[in-house]
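Biologist: Could you show me the model, and then go through the fold and the surface with me?

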Amino acid sequence: MKVTIEELKRLEGMDVRRLRREDLDHAGEIAVDRTKPADRRTADFLEKTKNPYAENVGDYILMVSFSKDETMTLEDRLVQLARKMTRIPL
């Protein structure tokens, strides 16, 4: 099944509190052929998953999001996370 941009936007915007575990895949159960080019791997993943932004991980639902802020690096985000987690001004 081909996923539309509208459907991806709808799935991305879902509230994690409204997700139902039975409507999600389990982490690690979707196999993607890593020998294929990146665009084909992405298309395969989108065709196989129920929601590319959320999945079951153990007893939890893991929701993935991507930052729209292109100015922050991964290192910037990790420092931000460390500050938030420790509540220590760095």
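Modeller: A word on terms: helices (H or I, at least four residues) and strands (E, at least two) are DSSP runs, numbered from the N terminus. This is a predicted model, in which local features need pLDDT of at least 70, side-chain atom pairs count only at pLDDT 80 or more, and totals for chains, interfaces and linings use all residues. Residues are numbered from 1 along each chain as its sequence is written, and side-chain values use heavy atoms, with hydrogens and water left out.

Biologist: What pattern does the protein chain follow along the sequence?

Modeller: The order is α-α-β-β-α, made up of three helices and two strands. The protein chain is more spread out than a compact globule, because its radius of gyration (over C-alpha atoms) is 16 Å, well over the 12 Å that the globule rule (2.2 Å times the number of residues to the power 0.38) gives for 90 residues.

Biologist: Which residues make the nonpolar surface patch?

Modeller: Val 57, Leu 62, Val 64 and Phe 66 make that patch, of about 340 Å².

Biologist: Where is Val 57 found?

Modeller: Val 57 belongs to strand E1, residues 54-57.

Biologist: And which residues gather in the patch of negative charge?

Modeller: Those are Asp 69, Glu 70, Glu 75 and Asp 76, where Asp and Glu count as negative, Lys and Arg as positive, and His and the chain ends are not counted, each charge being placed at NZ of Lys, CZ of Arg, CG of Asp or CD of Glu. Asp 69 lies in the loop between strand E2 (60-63) and helix H3 (74-86).

Note on methods. Patches are made of residues with over 30% relative accessible area and no salt bridge: like charges are joined within 9 Å, nonpolar side chains (Val, Leu, Ile, Met, Phe, Trp, Tyr) within 5 Å. Accessible areas come from the Shrake-Rupley method with a 1.4 Å probe; for residues, only the protein chains shown count as cover. A salt bridge is a side-chain nitrogen of Lys or Arg within 4 Å of a carboxyl oxygen of Asp or Glu.
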